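Hi,

Here is the structure I promised to pass on. Have a look, and my notes follow below.

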Amino acid sequence: MPASDTTTRSVAVVTLGCTRNDVDSEELAGRLKAGGWTLVDDASEADVAVVNTCGFVEQAKKDSIDSLIEASSLKETGRTQKVVAVGCLAERYGQTLADELPEADAVLGFDSYADMSTHLRTILDGGEVASHVPSDRRKLLPLSPATRQQASADVALPGHSAPRVRLETGPWAPLKIASGCDRRCAFCAIPMFRGSFVSRRPTDVIEEARWLATQGVRELFLVSENSTSYGKDLGDLALMDALLPELADLDGIERVRVSYLQPAEVRPGLLDAMVAIPEVMPWFDLSFQHASAPLLRRMRRFGGTEPFLGLIDDVRRRSPLAGIRSNVIVGFPGETEAEVDELAEFLTAARLDVVGVFGYSDEDGTEGELLTGKIAPQAISERVERITDLIEELTAQRAEDRIGESVRVLIEETNAGDNGDDVIGRAEHQGPDVDGTTRVVASTAVIGETVLATVVGTEGIDLVAVSA
């Protein structure tokens, strides 16, 4: 095979981390396909494995490194010749990661995405591409949101522009509405490597949504680092309210779901807009992080038990059967046992459908790394176990509360159940991947179909239903 024959060269894009990374991978896949590469699903069948890494928390970083090492092992056992690291871990650590991980043939940052095809050809031909040198991406754009849109034309914003190629075939897909974050949470490094908040223009979002509908997508999953900030750099903080009905009206789109609502920024108008449109799912992704007001201030966040319960009441007053999910962190520096007790009391009162529990770990370059009052690792583990056990009990009870409800289930899997005659999907209150599923018993529905069913049982947070 001639070394310069790119038409016969293949690449596998391996995605780790969140749904925002899924969008970035599909953009990379689109760029590479346009550059003449053949896309394959299995890294062992590819000439190059491009690993889109996650750099969010310590466990995610470890998983990314393990995946890079695993991909590198294919050099001996499979077709794979080269392994390239991209994504958040690569952007965050760049040359340092390259020095410590010789298994990766290159470590490339976001600025390399536009020229990825050329870079991969160079690497396969035996050349070298300089590893990414990290910088604080917040400094690439003006401090004032009002002046960012024009300046962002010269800044790499993965998932904002290039045509995508779908790497998954299910009936839902993530759709990026913005990138970056202007908040300065003491535990979070994301703004440093994702940059300042930049909204995608509504016309671009709608155009991509329309294309996704032609690819069999029935549910749009709107993703960003902070969806409640959408439009602020376009001069209209209520822009989401106007965008949602336009997305809901697209041919083929049956559902729109909004992820990551910053509790401190949720407006009554946004809640009203979400519940007024039948196609917008009654699902509220509210990242509370804790319930103790003093600890939240230490985290550089706002809120507390009373305002958070008030926000939950606001949601349920508008939509009594809404699904509400959240994440919490335990073990943040200075957290007391009394504050853990308050968190447990809040979670008990909140009756949330799903809660992710994270143990605090220092993240390079964050304010939390420098704080005093660090909690011993063993104590953090014990607090994680305590809150996780509580959450499992509470969310199972919440699922049981839904017995007797009528639900509309978007089917994502067939031939399920002991006899293979059940189907599995998600009800309106269930977000993709981690929020539980609904198994519809003895149904002939196909993938992508929406089934009206009645909940008759539960399996943890998962529901069991029968067709209505």
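For the packing part of these notes, contact means heavy atoms within 4.5 Å. Helices (H or I, at least four residues) and strands (E, at least two) are DSSP runs, numbered from the N terminus. Before you dig in: this is a predicted model, where local features need pLDDT of at least 70, side-chain atom pairs count only at pLDDT 80 or more, and totals for chains, interfaces and linings use all residues. Residues are numbered from 1 along each chain as its sequence is written, and side-chain values use heavy atoms, with hydrogens and water left out.

Let's start with helix α10, residues 268-276. Its buried residues (under 20% relative accessible area, with exposed meaning over 50% and partly exposed in between; 1.4 Å probe, protein chains only) are L270, L271, A273 and M274. They sit on the same side of α10 because they cover an arc of only 165° around the axis, the arc being that of the directions from the helix axis to the C-beta atoms. An α-helix has 3.6 residues a turn, so residues three or four places apart point the same way. P268 and A276, on the other side of α10, are exposed. What do the buried residues of α10 pack against? The partners are α9 (239-248), β10, β11 (283-285) and α12 (305-318).

Searching the whole structure turns up 39 salt bridges, each a side-chain nitrogen of Lys or Arg within 4 Å of a carboxyl oxygen of Asp or Glu. One of them pairs R255 with E219, with 3.5 Å between the closest N and O atoms.

In D422 and R439 the closest N and O atoms are 2.7 Å apart; D422 belongs to strand β15 (residues 422-426) and R439 to strand β16 (residues 438-441), 17 residues apart. D422 counts as buried at 5%, as does R439 at 18%. Salt bridges that share partners also join E219, R255, R257, E412 and R426 into one network.

The other pair is D401 with R351, whose closest N and O atoms are 3.8 Å apart. D401 lies in helix α14 (residues 377-401), and R351 in the loop between α13 (337-350) and β13 (354-359). Are these two buried or partly exposed? D401 is partly exposed at 47%, and R351 is partly exposed at 38%.

Cheers
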